[in-house]
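Biologist: New to this one. Walk me through it, please.

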Amino acid sequence: MKDRQNIHGSWANRWIFILAATGSAVGLGNIWKFPYIAGENGGGAFVLVYLAFILAVGVPIMMAEVLVGRRGRQSPINSMREVAIESEHSPKWALVGWVGALAGFLIFSFYSVVAGWVLAYVAGMANGDFLDIGSEQAGKAFNDLLADPQALVIWHTVFVILVMTVVMGGVNKGLERATRIMMPALFVLLTVLLGYSMTTGSFGAGVDFLFHFDPSELSWDAVLVALGHSFFTLSLGMGAIMAYGSYMPKDASIGGTVLTIAALDTLVALIAGLAIFPIVFANSLDPGAGPGLMFITLPVAFGQMPGGQIFGFLFFVLVALAAWSSAISLMEPAVAWMVERFGLGRGPVCTLLGIVVWMLGLAALSSFNVGSDVALFGMNIFDFLDFITANVMLPLGGLFVAFFTGWVLKQKITEDELDIKEARIYMAWSFSIRYIAPIAVAAIFILNLIEKLG
Ligand code: TRP
């Protein structure tokens with residue numbers, strides 16, 4: 001068995017890996033995006049398709065990313081190259097890592113804008129800005145924030161600095177230390193808030209909306225969105241999990257850890273939905289309100305509930321922590337690669353890449369004010385970045401990783417790394433990675449294309 005050393009360090013143990021990867025997976029995707037896209041796409045049927053993709057496509061691909069990372073022990077770009085060479089294939093497979101690093105930047109640029117809104121709401125909640133406001137005023141408050149480029153730039157800047165400070169610390173003093181503090185805090189906050197939402201909102205309507213299955217409400221568009229989201233929420237398709245896998249201890253089982261991560265991620269998304277939709281229905285708000293859902297509905301509800309100010313504050317702190325621990329994984333692949341390639345320290349690399357990503361973010365946040373006229377394929381810059389990454393780049397990245405591990409890697413390598421004792425389970429993984437995942441992704445792409453052209 002090849003035993004490479006990772007120059008960046010490695011996680012102290014298997015649990016740190018699980019928590020760090022869960023920190024990457026659980027983010028704005030779960031708390032902000034999942035409820036609003038479920039709302040836009042009709043609820044139950046969408047949720048079921050999304051769950052199926054997590055299990056049939058997401059889990060096997062996550063295992064593939066971790067195994068390539070752990071085998072290569074370097075940044076995704078260099079791991080893909082090394083592992084391809086080890087299997088006597090072209091070093092050009094590194095290209096998948098390159099596209100992934102680019103996707104990381106593009107995602108970060110709009111992610112940071114939304115995280116900035118969250119920070120603004122943490123401050124607003126602490127300030128008592130949302131006490132006793134109605135949904136109209138809440139909508140106005142949100143739109144006023146979007147129309148204020150100066151405020152958006154400030155919060156976006158704060159977020160970029162927070163993220164880069166952690167990444168600068170490196171694997172053990174940055175990522176791992178942040179994980180040890182943020183993840184327990186996240187779980188405590190989530191438990192407190194779930195308990196709170198169960199005693200307040202009208203729970204039944206929310207449950208019904210999320211789990212009522214009506215296939216007639218499902219469009220091809222919704223299937224594509226569900227597929228894209230299963231990649232987005234598990235942080236797949238751009239190398240984030242591959243990078244985290246490269247820091248994973250040799251003796252930890254990949255299958256078990258990945259299932260734990262996927263289960264925790266799904267749980268948080270469903271809990272977020274169960275916290276938000278009851279409030280939406282209790283206040284006769286629109287579940288299809290789009291990206292503003294969390295920022296408009298929740299302040300209204302918190303503003304009227306006993307203890308709402310403190311719980312509202314805690315809620316947005318929770319979302320901020322989740323966004324923070326996710327965003328560090330968007331930058332880690334590119335940072336690790338630059339450190340490897342140029343032998344620079346993390347300080348200069350993070351400063352440089354921080355500036356790049358900060359500028360990209362300016363373009364994303366201008367969509368809501370000065371740049372609202374700019375249209376790319378009929379979308380504003382923010383929506384375009386979201387669409388092109390989540391619905392195109394991530395599924396394609398995942399497709400290549402699946403093809404690579406299923407068809408290009410020597411079987412000896414996948415067997416070594418996965419180390420699955422039961423032949424049947426290995427076969428199941430191998431079947432999904434060779435057939436189910438690539439065919440599902442390709443089919444959905446092609447069917448969508450046909451529908452759009454036809
Ligand atoms: N998974 C995170 C979320 O749901 C976002 C994220 C972090 C991500 N790293 C990623 C998405 C890598 C795609 C790829 O909010």
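**The ligand and its shell**

Modeller: A polar backbone atom of Phe232 sits 2.8 Å from a nitrogen atom of the ligand. That is a polar contact (N or O atoms within 3.5 Å). The model is predicted: local features need pLDDT of at least 70, side-chain atom pairs 80 or more, while totals for chains, interfaces and linings use all residues. Numbering starts from 1 along each chain, and side-chain values use heavy atoms, without hydrogens or water.

Biologist: What does the side chain of Tyr111 do?

Modeller: An N or O atom there is 2.5 Å from a ligand oxygen. For Ser329, a side-chain N or O atom lies 3.0 Å from a ligand nitrogen.

Biologist: How much of the ligand is buried?

Modeller: The protein buries 100% of the 360 Å² that the ligand exposes alone (Shrake-Rupley, 1.4 Å probe).

Biologist: Which elements give two or more residues to the shell?

Modeller: Helices H1 (14–25), H2 (28–40), H5 (94–127), H10 (220–233) and H14 (308–342). Helices are DSSP runs (H or I, at least four residues).

Biologist: How many residues are charged there?

Modeller: None; 10 are nonpolar and eight polar.

Biologist: New topic. How do H3 and H10 pack?

Modeller: The angle is about 45°, and the axes are 8 Å apart. H3 spans residues 44–72. The crossing is right-handed.

Conventions. A polar contact is a pair of N or O atoms within 3.5 Å; within protein, one must be able to donate a hydrogen and the other to accept it, and residues adjacent in sequence count only if both atoms are side-chain atoms. Ala, Val, Leu, Ile, Met, Phe, Trp, Tyr, Cys and Pro count as nonpolar, Asp, Glu, Lys and Arg as charged, and the others, Gly among them, as polar. Axes are lines fitted to C-alpha atoms, for helices over the stretch in contact, and angles run from 0 to 180 degrees between N-to-C directions. A crossing is left-handed if the near helix is turned anticlockwise from the far one by less than a right angle, and right-handed if clockwise.
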